[in-house]
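Let's walk through a protein model together, starting with a pair of helices and ending with the nonpolar cores. Keep the structure open beside you as you read.

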Amino acid sequence: MQQTNTNYVSVNRILSRLINKTPSKVDKFLQFGISFLGVSITHEEGHRSILTDLEIGSVSQPFSILKGVAYVKGVTDQTLIELRNNNLDDYIRLHTAGLESDYALLTRTETLLAFEEDNFKDLGIDYITRKASLIGYYLTNLIPSLFSEIEEEENELERDIVGHDIYGAIKNLYRPNEAFYRYTNYKDLSIEEKKFTKKIGWLSLLNLANPMLVGINNFRINENLKANGGIGYTMAPFGGFMDENIWLMIKSKHKLHLYFRQFHNREKLFFGTGLKLFNHSLYRDKIILNSEFHIWNQPEDMNFRASKSDSGVGGAIDVGYRVLNNNNNASSFYLNLGLSHKSEGFLPEYASLDKRTMLKLGFSLGW
């Protein structure tokens, strides 16, 4: 998920700049078309990344969105039954990972805008399209008629892995031991489950609380400080979480993203926080540092009904070394080496819920 999201943001920024470089009457339509398909691709890859991490093969079919629905398919019922019975938290996340990916991409875009790494002209259409897609999906909880009922295909390998992301997640959170079926419709939910879907639908409207939606990248506090903030919400494997984000840019050099996070399961709140350092120059832009640290309390064993909590931490460090710089067009080429670690628990964009240490090697292009 993290790799797909990183690549999408980069490709979209490059394409948007190329489109805006030679203005025409179809610019906005081209950008919207890219964003519309991009949402479908990254959303489905969010689902598929969970299966990939679990070493379960699948096929992403995002372009079928042109026919009204996008799928991840190629998984047998028995495989999904075994996943649900033996690893419920990953099975629930299989449902919510597409929305998680959408949410994480919005946060990435907000970070770029707040730190003036890009502008609303290039990123605005993609940002608004994805924000509308995320909230629109959640609004099916408040207005069920927005989402038509779906029936399972005869061939199980042609079926989507989860159907409606939210209804399926909630039904299995409440009733994990019920007879298995993939496609949960609103009418299949109990009264209590419908109340929970309404709650999540209303919470999703918190994603509108961000001045970037009207093109305001940040606010100048004084000559040395610019800041912005926003609120967001999406689902998690045990329920959901809400963020309060604060972006601080000090003397245009020190760029900090601080967040406070409230997780929830069926009834109880749990708390977390994190701090990220963005594109910090260690030596004349020759060496660039990105780092992050996270700490959290989450429901014990990521259980929907747990009242006790488990603590966890996560962090990452990434160093970019500039090996090529073209002063004529301000482009730069960096080699990147990174290391990340997380304890057991849920951390957005990290596909595994287990304890995991990863080494990253790649490159980045500054343009």
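Helix 4 and helix 6 cross in a left-handed way, a term used when the near helix is turned anticlockwise from the far one by less than a right angle. This is a predicted model, in which local features need pLDDT of at least 70 and side-chain atom pairs count only at pLDDT 80 or more, while totals for chains, interfaces and linings use all residues. Residues are numbered from 1 along each chain as its sequence is written, and side-chain values use heavy atoms, leaving out hydrogens and water.

Find helix 4 at residues 88–114 and helix 6 at residues 165–174; they pack at an angle of about 160°, with axes 8 Å apart. That makes the two helices roughly antiparallel (an angle over 145 degrees).

Where do they meet? From helix 4 come L88, Y91, I92, H95, T96 and L99, in contact with D165, I166, G168, A169, N172 and L173 of helix 6 (contact means heavy atoms within 4.5 Å). These residues divide into 7 nonpolar, 4 polar and 1 charged.

Now turn to the cores. In soluble globular proteins, nonpolar side chains tend to be buried together. The largest nonpolar core here has 42 residues; such a core is a set of buried residues (under 20% relative accessible area) joined through side-chain atoms within 4.5 Å. Helix 4 gives the largest share of this core, 8 residues. I166 and F263 are among the residues with the most contacts inside the core. The residues that F263 touches include F238, W296 and F346. A second, separate core has 13 residues, including M1, I56, V72 and L94.

Technical notes
Axes are lines fitted to C-alpha atoms, for helices over the stretch in contact, and angles run from 0 to 180 degrees between N-to-C directions. Helices (H or I, at least four residues) and strands (E, at least two) are DSSP runs, numbered from the N terminus. Angles under 35 degrees count as roughly parallel, over 145 as roughly antiparallel, 65 to 115 as roughly perpendicular and the rest as oblique. Ala, Val, Leu, Ile, Met, Phe, Trp, Tyr, Cys and Pro count as nonpolar, Asp, Glu, Lys and Arg as charged, and the others, Gly among them, as polar. Buried means under 20% relative accessible area, exposed over 50%, partly exposed in between (1.4 Å probe, protein chains only). Lists of a residue's contacts leave out its neighbours within four places in sequence.
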